[in-house]
Amino acid sequence: MALANLIQKKFVSGHPAAILPPLPMSNTAASKPLVGIIMGSSSDWPTLQNAAQVLTDFGIPFEKKVVSAHRTPQLLYDYATTASERGLKCIIAGAGGAAHLPGMTASMTTIPVLGVPVQSRALSGVDSLYSIVQMPGGIPVATFAIGNAGALNAGLFAVSMLANDNPELVAKLKTFRERQTQKVLESQQELEVEPKA
Ligand code: RP5
């Protein structure tokens, strides 16, 4: 299925980050991607879309691309070796199965790589997790949870890194946390509702 179709048909719904209006992006500099989202296959997009949604909600410009470590190695080389000079501040890399994309990307750039293990069909993503998390000492990949939660948190982690020198993003993160807390507290009321007779 084409990436565009996946975007339309499997859009993330109801995830906790979708509670902030996006930052206005009024100038050219603001639309230059700061985060790269790459994935081993378009079939990974429904998962990585959670990271994309977070970045959209926080108004952070990003790019997204299918880059396969095994099937498009030259593309991976070109992408990773030019990431820094193109202005990317971090890369969120998601892959499933023999998930070598995050590690190989990290080996070719000094910008932080956030690895998202995609839930695989055969082993439910445990293979992806182990492939990503068990990096040799010297080439780190920040590894997140398997699947949607991992992608969501990778997006939030990218926001946190960018917030280090951006007070506006710090304020948005605080607002996000406060609203999240409020939502959980309000959810208590759902338990109090009397079931219909
Ligand atoms: C990995 O193989 C991809 O990251 C994907 O999770 C998995 C399956 O790819 P497709 O067969 O769906 O293209 O490289």
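The chain contains seven helices and five strands. This is a predicted model. Along the sequence, the elements follow the pattern α-β-α-β-α-β-α-β-α-β-α-α, so helices and strands are listed there in the order in which they are numbered from the N terminus. The points below treat the chain as a whole, then two helix pairs, and then individual residues.

**The chain as a whole**

- The chain has 197 residues, and 42% of them count as buried.
- Its accessible surface comes to about 10800 Å². Carbon and sulfur atoms account for 56% of that surface.
- Among contacts in the chain with a separation of 6 or more, 72% are between residues 24 or more positions apart.

**Helices α2 and α6**

- Helix α2 covers residues 45-57, and helix α6 covers residues 148-163.
- The axes of α2 and α6 come within 7 Å and cross at roughly 30°. That angle makes α2 roughly parallel to α6, because angles under 35 degrees count as roughly parallel.
- The crossing of α2 and α6 is right-handed.
- On the α2 side, the residues that meet α6 are Pro46, Thr47, Leu48, Asn50, Ala51, Val54 and Leu55. Their counterparts in α6 are Asn148, Ala151, Leu152, Gly155, Leu156, Ala158 and Val159.
- By class, the contact of α2 with α6 comprises ten nonpolar residues, four polar residues and no charged residues.

**Helices α6 and α7**

- Helix α7 covers residues 167-192, and its axis comes within 8 Å of the axis of α6.
- These two axes cross at roughly 140°. The helices α6 and α7 are therefore oblique to each other, since only angles over 145 degrees would count as roughly antiparallel.
- The crossing of α6 and α7 is left-handed.
- Helix α6 contributes Leu156, Val159, Ser160, Leu162 and Ala163 to this contact. Helix α7 contributes Leu169, Val170, Leu173 and Phe176.
- The residues in the contact of α6 with α7 are eight nonpolar, one polar and no charged.

**Glu63 in strand β2**

- Glu63 belongs to strand β2, which covers residues 62-66.
- The relative accessible area of Glu63 is 18%, so this residue is buried; the cut-off for buried is under 20%.
- Leaving aside residues up to four places away in sequence, Glu63 touches Pro33, Val35, Gly36, Ile37, Tyr79, Arg86 and Leu88.

**Gln53 in helix α2**

- Gln53 is located in helix α2.
- With a relative accessibility of 11%, Gln53 counts as buried.
- Gln53 and Gly155 are 102 residues apart in sequence, while their C-alpha atoms are 8.0 Å apart in space.

**Two loop residues**

- Ser31 lies in the loop between α1, residues 3-9, and β1, residues 35-39.
- The relative accessible area of Ser31 is 44%, so Ser31 is partly exposed.
- Ser31 and Gly59 are 28 residues apart in sequence and 9.4 Å apart in space, from C-alpha to C-alpha.
- Ser124 is placed in the loop between β4, residues 113-118, and α5, residues 126-133.
- Ser124 has a phi near 60°, a positive value in a residue other than glycine.
- The relative accessibility of Ser124 is 41%, so Ser124 counts as partly exposed.

Technical notes
Residues numbered from 1 in each chain as written. Predicted model: local features only at pLDDT ≥ 70, side-chain atom pairs only at ≥ 80, totals over all residues. Heavy atoms only, no water. Helix = DSSP H or I, 4+ residues; strand = E, 2+ residues; numbered from the N terminus. Buried < 20%, exposed > 50% of the residue type's maximum accessible area, 1.4 Å probe, protein only. Contact = heavy atoms within 4.5 Å. Areas by Shrake-Rupley, 256 points an atom, 1.4 Å probe, with all protein chains shown as cover. Axes fitted to C-alpha atoms, helices over the stretch in contact; angles between N-to-C directions. Parallel < 35°, antiparallel > 145°, perpendicular 65-115°, else oblique. Left-handed = near helix turned anticlockwise from the far one by under 90°. Nonpolar A, V, L, I, M, F, W, Y, C, P; charged D, E, K, R; others polar.
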